[in-house]
Amino acid sequence: MIYVFIFVLTILIILIYQNLNRKIQILERKISDLSKDKVNIQQPLQTFPETHKPEILQNDRIEVQKQVSESIENNSEPEKDWLTPLFDFVKQNILTIIGIFTLVLGIGYFVKYAIDKNWIGENARSCIGYLSGFVLIVTAHFIRKNYSIFSSIITGGGIAVLYFTTTIAFREYHLFSQNIAFLITCAITLLSIFLSYRYNSETLIIFSLFGGFLAPLMISTGQSNYLFLFTYLSLLNIGMLITVYLKSWKSVGWVAFIFTAIYLYFWTVEKTDLTSIIFYIITYLLFYAFALTNYFKTNQLSKLDILMLVLINFSSIIGLVYLFNVLKYEPLSIFPLTFAVVNAFFMFREYQNKKSERNYSVFAGISISLLTLAVALQFKTHLITSVWAIEVSLLLYIWKKTNHTIFKIFFYFLFPLVILSQIITWTEYMNGNKDLIIILNPVFLTSMVVIATVVFNLILLKKDSKEKNETEFFENIFKMICFGIIYFSGLFELIYQLSSENFVIILMYSFLYSISFVTLLLIVKNKLNLTENLVNILIYGLLFLLIAHISSSQIVDAIIKNKIGLNFYFVHLIYILPILYLVLKIIPQTEYFKEKIGYWMVSFVIILAVSFEFYRIYIFSNRVTIENLIQLEEHFSILYLPIIWAVLACGFIFSGLKKNIPELNKIGFSLLGITILKLYFYDVWQMDNVSRIIAFIILGIILLLSSFMFQKFKNMLKNLVDKNEEKNI
């Protein structure tokens with residue numbers, strides 16, 4: 001009796017709370033109405049002057065109507081915060097929700113306690129459970145007029161008690177067979193749907209759907225009968241579709257979609273069967289129709305409708321193509337092509353009507369994405385990476401067309417997954433698979449799909465960046481990531497295809513590819529709409545790549561040891577072209593030299609390139625063996641390197657004077673100082689007499705010529721200054 005008393009007391013407390021809450025809300029509403037009436041009474045005279053101008057009023061009314069109609073056409077669905085009503089509902093009814101949850105637990109613990117004490121038998125226990133559920137439902141029925149939301153929650157609690165009772169009676173007590181248990185759960189679901197319609201309660205039908213989709217799990221015996229399961233789920237989804245069409249309860253469709261997708265994917269992985277293709281197609285048609293319910297009524301697609309169209313198309317393709325791939329059926333492109341035809345039908349329908357550009361853009365974007373995916377899958381690209389990459393581009397496209405934040409959120413959520421999936425795809429290069437042909441292999445073709453979508457994304461962002469500069473930093477990060485995907489796709493393919501060659505060749509081609517890639521980005525920097533900061537970063541990156549390539553190349557040793565031919569040295573020299581183009585064309589068009597360190601970096605690369613290449617030419621021009629290689633290196637370093645540096649120093653000084661760039665003068669004199677110190681403190685002690693005489697004479701001549709040029713230019717500058725002063729006088 002004590003538990004019955006607690007049960008009744010709980011119900012009374014909740015009813016009293018709801019009654020007080022309702023009265024407080026009524027009082028607040030009345031106070032708000034009184035405040036509005038007071039404001040209207042205090043300002044009655046402000047509207048009278050307008051009555052003398054009926055024509056103006058009429059014109060204003062027409063103008064306002066035009067503006068409203070235009071705004072509706074341009075953006076048929078204003079952005080709404082769809083989470084706010086949910087949070088408001090939870091805040092206002094938190095005690096009710098906790099109360100009904102606690103009550104259900106209390107009844108469950110009471111039944112368990114009674115079972116432990118052997119007070120009641122198994123049949124009586126089940127009867128108590130069913131009776132408790134029906135008592136809650138009947139109680140909710142009598143209080144529904146005054147407490148509509150509260151009664152919906154109470155009814156949902158009663159439905160939950162009925163479901164749990166059936167589950168326990170079947171699985172624990174074995175009071176009836178699986179078929180009887182399934183019929184009982186179906187009857188409970190139908191009852192809850194009927195009550196939802198009867199009370200016009202969206203909350204209650206969501207409870208019903210949860211019960212309907214969880215019912216198969218409640219009565220499961222562990223023996224998978226997928227054919228029966230998905231027939232039941234298809235019937236449940238048909239009921240969902242009818243409900244949405246009649247009542248416009250969109251949340252019902254989303255709940256059904258989430259549960260159905262989970263069941264389908266689990267079945268696909270657990271038991272790959274050709275029968276599941278039928279249910280995938282049925283599910284696709286049902287939820288495609290669900291996404292278009294609002295479209296058929298008002299000829300408009302809301303943001304959630306568009307999101308459902310994207311999800312149902314691509315989620316269905318993932319499951320269907322996975323099935324075909326596992327079962328070894330062909331062609332894989334049949335499903336994307338079929339879905340593309342379905343979307344193309346609505347695209348042409350919108351094109352003929354010419355009513356909504358947004359609808360046309362959505363259907364066109366989905367159709368083109370599916371056609372692209374069909375081509376990609378036909379070339380055996382990786383399924384998940386290709387689907388996600390194309391879906392990301394589609395979400396970005398729809399975001400730019402509709403300006404709805406939800407597509408932006410999904411875009412930023414899915415793009416990192418594309419990168420992660422692409423990295424996993426690249427790992428196949430390292431798995432020891434030697435059957436990947438050049439370019440036309442699944443890994444590189446998948447990379448090409450990702451690259452194509454990345455280029456498309458960059459084009460969309462370029463168009464948007466002309467209007468907005470608020471997100472420049474994040475766009476630069478996004479561009480760098482996109483460039484990284486393109487770069488590594490080519491680099492890994494190159495390294496894989498050269499994996500059987502000598503390491504020196506692999507390293508050389510890798511550096512040349514990297515240098516060429518960065519140079520190409522700098523050449524097309526204006527078309528890519530790169531910012532100055534990004535251009536400077538790329539220039540610094542290119543200079544570091546050049547330094548690494550020049551200094552780390554082992555081509556001399558490889559050629560001397562006959563591991564590679566001399567012709568590879570000329571391939572190695574290709575990097576000189578990017579240096580010349582960088583210095584003569586790219587850097588003068590940028591603000592790279594605003595920082596003084598820029599002159600030093602470029603000069604260092606030039607010094608390094610000239611020094612190393614003269615050294616290599618000197619080595620190849622002599623009869624070199626492994627034994628005399630070290631001797632030739634020392635001879636070049638002692639005799640020829642100071643001369644080369646002195647000539648370069650003169651060149652820097654000459655350029656600095658001619659172009660009036662003091663930083664080049666500093667670089668020239670610094671290099672000249674290093675050369676003199678090297679000569680006097682090291683080289684002179686390592687030379688023989690003849691070499692010492694030659695080195696001193698040549699270096700002396702160079703120094704005298706440098707001094708002469710410096711004085712000459714100094715005098716020229718002085719004469720120019722004097723002439724300008726005379727003209728001014």
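pLDDT is the predictor's confidence in each residue, from 0 to 100. This is a predicted model, in which local features need pLDDT of at least 70, side-chain atom pairs count only at pLDDT 80 or more, and totals for chains, interfaces and linings use all residues. Residues are numbered from 1 along each chain as its sequence is written, and side-chain values use heavy atoms, with hydrogens and water left out.

**View 1. Confidence along the chain.**
pLDDT stays under 50 over residues 43-83. For that stretch the model has 15 contacts beyond four places in sequence; a contact means heavy atoms within 4.5 Å. The mean pLDDT of the protein chain is 77. Of its residues, 76% reach 70 or more. Over residues 1-9 the pLDDT is below 50. Beyond near neighbours in sequence, residues 1-9 have 6 contacts in the model. Where pLDDT is low, the predicted coordinates should not be read in detail. Among the elements of the chain, helix H2 (residues 54-74) has the lowest mean pLDDT, 43. Helix H20 (residues 503-523) has the highest, 93.

**View 2. The whole chain, built with helices.**
The protein chain has 28 helices and 0 strands. Helices (H or I, at least four residues) and strands (E, at least two) are DSSP runs, numbered from the N terminus. Of the 729 residues, 43% count as buried. Buried means under 20% relative accessible area, exposed means over 50%, and partly exposed lies in between (1.4 Å probe, protein chains only). Take the contacts between residues at least 6 apart in sequence: 73% of them join residues at least 24 apart.

**View 3. Helix H9 and its neighbours.**
Helix H9 covers residues 226-247, 22 residues in total. From first C-alpha to last, H9 reaches 31 Å, close to the 32 Å expected at 1.5 Å a residue. The expected span is 1.5 Å times one less than the number of residues. Buried residues of H9 include Tyr-226, Phe-230, Leu-233, Asn-237, Met-240 and Val-244. The buried residues of H9 pack against H7 (178-199), H8 (202-218), H10 (250-270), H11 (275-291) and H12 (293-298).

**View 4. The loop after H9.**
Ser-248 follows H9 and lies in the loop between H9 and H10. Its phi is positive, about 60 degrees, although Ser-248 is not a glycine. Is Ser-248 buried, partly exposed or exposed? Ser-248 is partly exposed, because its relative accessible area is 46%.

**View 5. Helix H10, with its buried residues.**
H10 has 21 residues, which should span 30 Å at 1.5 Å a residue. Its end C-alpha atoms are 30 Å apart, so the span agrees. Among its buried residues are Trp-254, Phe-257, Phe-259, Tyr-263, Leu-264 and Trp-267. What covers the buried residues of H10 includes H8, H9, H11 and H13.

**View 6. Where H13 crosses H17.**
The axes of helix H13 (residues 303-327) and helix H17 (residues 405-426) come within 9 Å. They cross at roughly 35 degrees. Axes are lines fitted to C-alpha atoms, for helices over the stretch in contact, and angles run from 0 to 180 degrees between N-to-C directions. Which residues meet here? Lys-303, Leu-304, Ile-306 and Leu-307 in H13 meet Ile-406, Phe-407 and Phe-410 in H17. These contact residues divide into 6 nonpolar, no polar and 1 charged. Ala, Val, Leu, Ile, Met, Phe, Trp, Tyr, Cys and Pro count as nonpolar, Asp, Glu, Lys and Arg as charged, and the others, Gly among them, as polar.

**View 7. A cis peptide bond.**
The peptide bond from Glu-330 to Pro-331 is cis, with omega near -5 degrees. Pro-331 is found in the loop between H13 and helix H14 (334-353).

Leu-534 lies in helix H21 (residues 532-552). Leu-534 counts as buried because its relative accessibility is 4%. Its C-alpha atom is separated from that of Met-480 by 8.6 Å. Along the chain, Leu-534 and Met-480 are 54 residues apart. Leaving aside neighbours within four places in sequence, Leu-534 is in contact with Asn-476, Lys-479 and Met-480.

How many disulfides does a search of the whole structure find? The search finds 0. A disulfide is a pair of cysteine sulfur atoms within 2.5 Å. Cys-127 counts as exposed, at 52% relative accessibility. Cys-482 counts as buried, at 0%.
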